[in-house]
Amino acid sequence: QVQLVQSGGGLVQPGGSLRLSCEVSGILVSKYVMKWYRPDPEKKWKLVAQIIPGGNTRYGEKVGGRFTISRDDVKNTVYLQMNDLKPEDTDIYYCNAGQSSGAFWGQGTQVTVSS
């Protein structure tokens, strides 16, 4: 069985920081393309960040250098460090592990940025 358990969300003020965690069991994060997604206003998935097994990363257009995706292979956990948060970052963020054979999803975690 495969499980992706997310944590680390919450309520922060604009300019604050959060670190989202995605603890994975049943697969190795070092062997999968790991992604963070959020739905856009039209309810279509938008890529927030991605890290591939070789370690290369890429980010969505709205990140603007404020977010960093990373991976701890010993803990089998993927992180999203979110700095200088803005109200438009408010959403539910989902962790995803993918290969050509299929993908697995976390349960989602709420991020709210508000004064």
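Is Asn76 buried or exposed? In this predicted model, Asn76 has a relative accessible area of 11% and is therefore classed as buried, the cut-off being under 20%. Asn76 is placed in the loop that links β7 and β8. The backbone at Asn76 has a phi near 55°, a positive value in a residue that is not glycine.

The overall architecture was examined next. The protein chain contains 11 strands and zero helices, and its pattern along the sequence accordingly reads β-β-β-β-β-β-β-β-β-β-β. Along the principal axes, the C-alpha atoms occupy a box of roughly 40 × 30 × 25 Å. Buried residues make up 41% of the 115 residues in the protein chain. The accessible surface amounts to about 6,300 Å², with carbon and sulfur atoms contributing 48% of it. Among contacts with a separation of 6 or more, 51% involve residues 24 or more positions apart.

An open sheet is formed by four strands, arranged in the order β1-β3-β8-β7 with antiparallel pairing. Its edges are β1 (3–7) and β7 (67–72), each of which pairs on one side only. From one strand to the next, the twist averages 15°. Strands of a sheet pair through backbone hydrogen bonds, in either a parallel or an antiparallel arrangement. The pairing of β7 with β8 (residues 77–82) is antiparallel and comprises six bridges. Within this pairing, Phe67 has Met82 of β8 as its bridge partner. The loop between β7 and β8 is the one that holds Asn76.

At the edge strand β1, attention falls on Gln6, a residue of that strand. With a relative accessible area of 6%, Gln6 is buried. When neighbours within four places in sequence are set aside, the contacts of Gln6 include Tyr93, Tyr94 and Cys95. Further contacts of Gln6 include Ser21, Cys22 and Trp36, as well as Gly106, Gln107, Gly108 and Thr109.

Strand β5 spans residues 45–51 and is mostly covered, five of its seven residues being buried. Strands β4 and β5 run antiparallel and are joined over six bridges, with Arg38 opposite Lys46 of β5. The hairpin of β4 and β5 has five residues between the strands, and within it Lys43 adopts a positive phi near 65°. Lys43 lies in the loop between β4 (33–39) and β5. The relative accessible area of Lys43 is 72%, so this residue is exposed. Lys43 and Asn76 are thus both loop residues with positive phi values in residues other than glycine, but Lys43 is exposed whereas Asn76 is buried.

Strand β5 also pairs with β6 (residues 57–59), in the antiparallel sense and through three bridges. In this pairing, Gln50 stands opposite Arg58 of β6. The two strands form a hairpin with five residues between them, and Gly55 in the turn has a positive phi of about 105°.

Within β5, Val48 is buried, with a relative accessible area of 4%. Val48 and Tyr59 are separated by 11 residues in sequence, and their C-alpha atoms are 5.6 Å apart in space. Apart from residues up to four places away in sequence, Val48 touches Tyr59, Gly60 and Val63, together with Trp36, Tyr37 and Arg38. Phe67, Leu80 and Tyr93 are also among the residues that Val48 touches. Of these, Phe67 is the bridge partner of Met82 in the pairing with β8.

Key:
Residues are numbered from 1 along each chain as its sequence is written. This is a predicted model: local features need pLDDT of at least 70, side-chain atom pairs count only at pLDDT 80 or more; totals for chains, interfaces and linings use all residues. Side-chain values use heavy atoms; hydrogens and water are left out. Two strands pair if DSSP finds at least two bridges between them. Axes are lines fitted to C-alpha atoms, for helices over the stretch in contact, and angles run from 0 to 180 degrees between N-to-C directions. Buried means under 20% relative accessible area, exposed over 50%, partly exposed in between (1.4 Å probe, protein chains only). Contact means heavy atoms within 4.5 Å. Accessible areas come from the Shrake-Rupley method with a 1.4 Å probe; for residues, only the protein chains shown count as cover.
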